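Q: I would like to learn how to read the sheets, helices and cavities of a protein model. Could we take them one at a time, with the general idea before each case?

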Amino acid sequence: MPEAILDAIQPSSSQSGNTSSVLGKPTPRIDGPLKTTGTAQYAVDYHFHGMTYAWPVSSTIGSGKIVSIDSAQAQKMPGVLLVLHHGNIASLYRVGPGSFSGRAGESRPLFADDVVRYYGQYVAMVVAETLEQAQAAAATIQVQYQADKPNVSTELNDPQTPELPLHTESKRGDVEAGFASAPVQIDATYVTPTVTHNPMEMHGTVAVWDGARFTLYESSQGVVNHLNVMAEMLGVPRENIQVICRFMGSGFGGKLFPWPHSLMAAIASRELVRPVKIYVPRDLMFTAVGHRPETQQRIRIGAQHDGKLVSIHQDYRNQTSLGDDFRENCGEATPLLYSTPNLLVTSALVRRNIGAPTPMRGPGAVPGLFALESAMDELAIKLGMDPVELRIKNDTLTDESNGKPFSSRHYKECLQVGAEHFGWAKRTPAVGSMKQGDLVLGWGVAGASWGAFRGGAQTVVSLLDDGSVRASCATQDVGTGTYTIFAQVLNDKTGIPLNRIQVILGDSSLIPGPTSGGSVVTATVIPAIADGAEKAMQTMLELAANTPGSPFQGKPVSSLAFTDGMVHIKTQPASSGQSFQSLLRLANVEAVHGEGQSAPLYALPQARNVSTHSFGVHFAEVTWDAGIARLRVSRIVSVIDAGRILNPKAGANQILGAAVMGVGMAMLEQTIYEPNTAHPINNNFADYLVSTAADCPKIDVHFLDYPDLAMGEYGARGIGEIGLAGVAPAIANAVYHATGVRVRKLPITIEDLLQA
Ligand code: MOS
């Protein structure tokens, strides 16, 4: 650990000496009133004169060719303006190589050819004056197919599958020799099913072509990436597209990259020179906008009798589509969570007739930790060792995948604090040995890890003559509290209260900002907000010193300070000074600005020789009623080590939501493809089960709140993804403790437990 560098960086709460800082306080969302009053506008809420509506026709086969498309009847129906399909669409482009070009959810352009690669693939679209007219006309379009048998086999070692190249992701020591030498061995295969993002707000686009430029209202986790992709695929200059996403009903990774419906709206708008609205109905949310693919993971762990690990070998497969190589990075956490001299993580992709997979909350780490943390529980049982103790025994402060020390790792403390809050000391290890009335209790534990990232960002911070401060950046708030965190940092720096702070996000025409993915935005953007605020305040002091009639005229700028929204002589209290807005008005200047910059993690000297990750532990309690085969998750205690927590309210909200999602992952969620048609047959909320309020256990969230100064002065790491990692294995481990049934394939169903 480069101590000297870290010591030089002060953990920041109120560096400026402002008296009313809300940084680190449980601050309610500044956008809350807009959402609760229905004032916040989501993508398809935008409405414009002359609006038209697009509706897709999607494939009813899972593999084959389109022989013909008969749209004669649709063309004659009332209100119909346009029917497009592969036979008549103007060509769209693929995204070219290079980071500037962006990443599309599905690399094949819309309607590119007559080949059907998955059920639900868009094959045609109708645009009409009303939504109902478009839907009615779309229903009359006759598509003839030459259908082949699709492959949606969930057996990923299927002998029919051509052998795909094995990819080595992490390697140290000799895993075969280590495993062979280990006196205690675990060798088991774990399966996680395809799961589908189901944000409250479905995907949607309103496209407005004005004859020269596109404005696209989107539900997007990355307005800048969306702009880049659309410019490439439509073949128009970047400056002729603006992408707007002010509010989102979440995305969970499903809205990181643009999907074909956005192209549908854009091309139709260009063709008709009218605004076009489209939304993706819930059933097509299961095919055309990504999902987390099925994974099959073989885990082999070798250990000494005392529990010390000798080897970890993880070999996994994940499904991907025919057109896109998506790797569900199941080895995200494996190489670094525990100390072991021998380790190997390998993977291969298996093609299926499914839509393109895409990242979903904690991509890779979440299914990967289901396997690893289930296997660790199996090992603890085989060793006759407490599973908390086994994890502590194999804790490490070095990232053994690269030899670097962790910047800030408190995994052991997560285990200890969680055990304390959960009451783990009262656990009796024998299966079924704990009772609560007629119910059997099961207690399980699992660990979590997620990389901590920071990219580069820019912001503009402006002090305005109405007494407000404004920060802007082309990143977006996906519903997690980004607006609020940024406002807290502005408040901390300037001392201006939250009700006079504006945060402007979700517009690609602003100074560029990051995609909201990988839990990077907070750590990436807040240093740029702080920098912008400092520069704006500095410019304000210069203005105060140079404005005729100002009480500070002619004073050295270095003798002035900006505190609690006041310009004052540094050695005198803020209250003796002048408000910045009065000085702006005196100078007849509407605003002074600061352009904030933040550097990516790799460019920070203090981060160069450390490994940055967040950690966490979940303890789960299940109740098992053997008489009626009823399983419930009754309690979850989560302890999260994610650096400094800037807003404990928004932060806890992320972890609570993730725990609820984890209950769904453990016990409810799976997308089922019908084998003959590749139709995801449970593509609706009646059949695809997500956790509801009735499924929610009591959830107790604790943050360790150690600033990680390698991340910068604020010491904050992301907290979006880590919450889901580890929840499902904690529940599966608790289920074993209650029932003696080891479920290695999610979700855990009643049928699995009937053998108990
Ligand atoms: Mo997250 S899966 O990067 O939205």
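This is a predicted model: local features need pLDDT of at least 70, side-chain atom pairs count only at pLDDT 80 or more; totals for chains, interfaces and linings use all residues.

Q: Which helix lies across S20 and S26, running at about 80° to S20?
A: That is helix H14, which spans residues 580–587.

Q: In what order do the strands of the open sheet of four stand, and what is the pairing?
A: The strands of a sheet pair through backbone hydrogen bonds, in either the parallel or the antiparallel sense. Here the order is S22-S21-S20-S26, and the pairing is mixed. The edges are strand S22 (501–504) and strand S26 (591–598), each of which pairs on one side only. From one strand to the next, the twist averages 20°. Within this sheet, strand S20 (residues 457–464) and strand S21 (residues 469–472) are antiparallel partners over four bridges, and Ser462 stands opposite Arg470 in S21.

Q: How do the axes of helix H12 and H13 lie relative to each other?
A: A pair of packed helices is described by the angle between their axes and by the distance between those axes. In this case the axes of helix H12 (residues 482–494) and H13 come within 9 Å and cross at roughly 35°, and the crossing is right-handed. The residues of H12 that meet H13 include Ile485, Phe486, Val489 and Leu490, while those on the H13 side include Val525, Ile526, Ile529 and Ala533. Taken together, the residues of this contact divide into eleven nonpolar, three polar and two charged.

Q: What is the strand order of the open sheet of seven strands?
A: Its order is S3-S5-S1-S12-S9-S10-S11, again with mixed pairing. Strand S9 (residues 204–209) pairs with strand S12 (residues 276–279) in the antiparallel sense over four bridges, where the bridge partner of Thr205 is Ile278 in S12. Helix H4 (residues 131–140) packs on this sheet, touching strand S1 (52–58), S3, strand S5 (122–128) and S12, and its direction makes about 25° with that of S1. Helix H7 (residues 260–272) lies across S1, S3, S5, S9, strand S10 (214–218) and S12, and runs at about 25° to S9.

Q: How many cavities of 30 Å³ or more does a search of the whole structure find?
A: Rolling a probe the size of a water molecule over the atoms shows where empty space is left. The search finds eight cavities of that size, and the largest cavity holds about 70 Å³ of space. Its lining includes His203, Glu218, His226, Lys255, Trp259 and His261, and the lining residues as a whole divide into three nonpolar, six polar and two charged.

Q: Where in the backbone is there a cis peptide bond?
A: A cis peptide bond joins Leu746 and Pro747, with omega at about -5°; Pro747 lies in the loop between helix H16 (727–739) and helix H17 (750–753). As a further backbone feature, Phe111 has a positive phi of about 50° although it is not a glycine, and Phe111 is found in the loop between S3 and strand S4 (115–116).

Note on methods:
Residues are numbered from 1 along each chain as its sequence is written. Side-chain values use heavy atoms; hydrogens and water are left out. Two strands pair if DSSP finds at least two bridges between them. Helices (H or I, at least four residues) and strands (E, at least two) are DSSP runs, numbered from the N terminus. Axes are lines fitted to C-alpha atoms, for helices over the stretch in contact, and angles run from 0 to 180 degrees between N-to-C directions. Contact means heavy atoms within 4.5 Å. A crossing is left-handed if the near helix is turned anticlockwise from the far one by less than a right angle, and right-handed if clockwise. Ala, Val, Leu, Ile, Met, Phe, Trp, Tyr, Cys and Pro count as nonpolar, Asp, Glu, Lys and Arg as charged, and the others, Gly among them, as polar. On a 1 Å grid over the protein atoms alone, a cavity is a set of points where a 1.4 Å probe fits but cannot get out, and a pocket is an open set with protein on both sides within 12 Å along at least five of seven lines; lining residues have an atom within 4 Å of a point. Grid points are joined across faces, edges and corners, and a volume is the space filled by probe spheres set on the points.
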